[in-house]
Amino acid sequence: MAQATIKIGEINSYKAQPAFLEPYRHGWEMALEEINGSGGVLGKKLEVIARDDNGNPGDSVRVAEELVTREQVALLFGGFLSNTGLALTDYAKQRKIFFLAGEPLTDKIVWQNGNKYTYRLRPSTYMQVASLVKEAAKLKKKRWAIVYPNYEYGQSASATFKKLMKELQPDIEFVAEQAPPLGKIDAGAVTQALADAKPDAIFNALFAADLGKFVRDGNTRGLFEGREVVSLLTGEPEYLDPLRAEAPVNWIVTGYPWYALTTPEHKKFVDAYRKKFNDYPRNGSLVGYTALMSIAAGLKKAGAVDSDKLAAAFSGLKVDTPVGPIIYRMQDHQSTMGAFVGRTGVKDGKGVMASFVYVDGAAVQLPDAEVKKLRPAD
């Protein structure tokens with residue numbers, strides 16, 4: 001008997017990263033309600049079966065296998081950490097099942113480990129760092145210190161920042177580097193080591209609880225006084241909001257200034273989200289919503305629930321999102337969703353992106369010839 005619904009497996013680190021992933025879940029739940037409320041896809045309602053991977057790559061693969069074999073899902077989406085995202089990317093390749101990586105930022109998902117069945121929504125580590133480097137180079141600071149979480153995402157962010165900055169500013173010096181384990185930062189030791197190096201500027205890739213500890217200790221020790229800070233992800237409400245009035249001022253960041261976006265598409269999204277959850281959206285909300293809307297668009301284009309047809313349909317797929325249209329690139333399966341880049345501030349006792357521009361994801365991609373060298377043939 002044919003299934004009455006199209007079953008979709010969703011895998012994420014809900015317990016390990018609740019700040020981002022609770023809003024993310026709300027995002028895809030809202031999309032699910034909208035899609036099914038308008039008649040579903042291919043004459044069927046969508047059904048999402050979600051599982052927690054505990055932030056562990058081995059658990060990611062285990063629950064993926066459970067979803068495919070026991071629950072008989074037609075495709076997978078999700079992932080948060082870069083290491084779990086890579087595990088699911090490999091699983092998709094081995095099992096020939098479609099996987100949309102919503103959140104993992106590692107470049108390897110679409111480059112070195114890229115495969116026919118895997119696409120990625122969020123702007124990659126490279127794309128976000130490249131967006132920031134344009135602003136960082138304008139500062140003309142020579143002595144830089146770097147701090148990042150010591151796993152795939154942080155290592156990649158640091159390496160990309162160094163490479164791109166050296167290309168634009170050959171005389172740059174990297175005078176200190178701190179790489180604490182993810183979720184286990186000794187903020188006092190890290191901030192003191194950076195201060196001792198007397199840098200002109202700091203590049204930071206910490207996020208979540210590590211970021212909060214770093215900001216508070218850095219404020220206490222005066223680390224940021226008179227220094228420019230360029231910081232990945234810090235403008236996302238998930239990480240800025242908990243700092244409240246302690247939020248950093250005048251940092252150059254990527255983020256999601258939902259409160260200042262005025263397009264009709266975004267206003268509609270915010271109003272619907274507030275009505276459903278009595279809360280405002282975070283960046284995770286936008287990612288979760290857009291991920292499931294992308295899957296619905298891909299299924300409609302494919303005309304069938306089949307991983308090979310879905311993978312082909314996603315190649316060049318255009319999707320309208322609350323922040324504008326995006327395309328899933330044929331070259332590397334990366335979407336052209338962009339990033340907001342701007343300066344932080346504090347307003348009404350809360351951290352905000354006080355000024356910002358939207359950097360189109362299509363404008364911060366490697367040339368196709370370089371992508372081809374990095375990515376194996378499908």
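Let me start with a term: a residue is buried when its relative accessible area is under 20%. Keep that in mind, and keep in mind that this is a predicted model.

Now, Tyr 239. Its relative accessible area is 5%, so Tyr 239 is buried. Phe 207 counts as buried too, at 5% relative accessibility.

How do the rings of Phe 207 and Tyr 239 sit together? They form a tilted aromatic pair. The centres are 5.9 Å apart, and the planes make an angle of 55°. Where does each one lie? Phe 207 is in the loop between strand S8 (201-204) and helix H7 (208-221). Tyr 239 is in helix H8 (residues 237-240). So the pair ties together parts that are 32 residues apart in sequence.

Next, charges over rings. Arg 25 lies over the face of Tyr 14, 5.2 Å from the ring centre.

On to the core. The largest nonpolar core holds 126 residues. Which of them touch the most other members? Phe 77, Trp 144, Phe 203, Phe 214 and Leu 292. Helix H10 (residues 283-302) gives this core its largest share, 10 residues. In soluble globular proteins, nonpolar side chains tend to be buried together.

Last, a look at Phe 203. Leaving out residues up to four places away in sequence, Phe 203 touches several residues, including Val 129, Leu 132, Trp 144, Phe 161 and Leu 232. Ser 158 is also among them.

Terms used
Residues are numbered from 1 along each chain as its sequence is written. This is a predicted model: local features need pLDDT of at least 70, side-chain atom pairs count only at pLDDT 80 or more; totals for chains, interfaces and linings use all residues. Side-chain values use heavy atoms; hydrogens and water are left out. Rings of Phe, Tyr and Trp (its six-membered ring) pair if their centres lie within 6.5 Å; planes under 30 degrees apart count as stacked, over 60 as edge-to-face and the rest as tilted. Helices (H or I, at least four residues) and strands (E, at least two) are DSSP runs, numbered from the N terminus. Buried means under 20% relative accessible area, exposed over 50%, partly exposed in between (1.4 Å probe, protein chains only). A charge sits over a ring if NZ of Lys or CZ of Arg is within 6 Å of the ring centre and within 35 degrees of the ring normal. A nonpolar core is a set of buried Ala, Val, Leu, Ile, Met, Phe, Trp, Tyr and Cys residues joined through side-chain atoms within 4.5 Å. Contact means heavy atoms within 4.5 Å.
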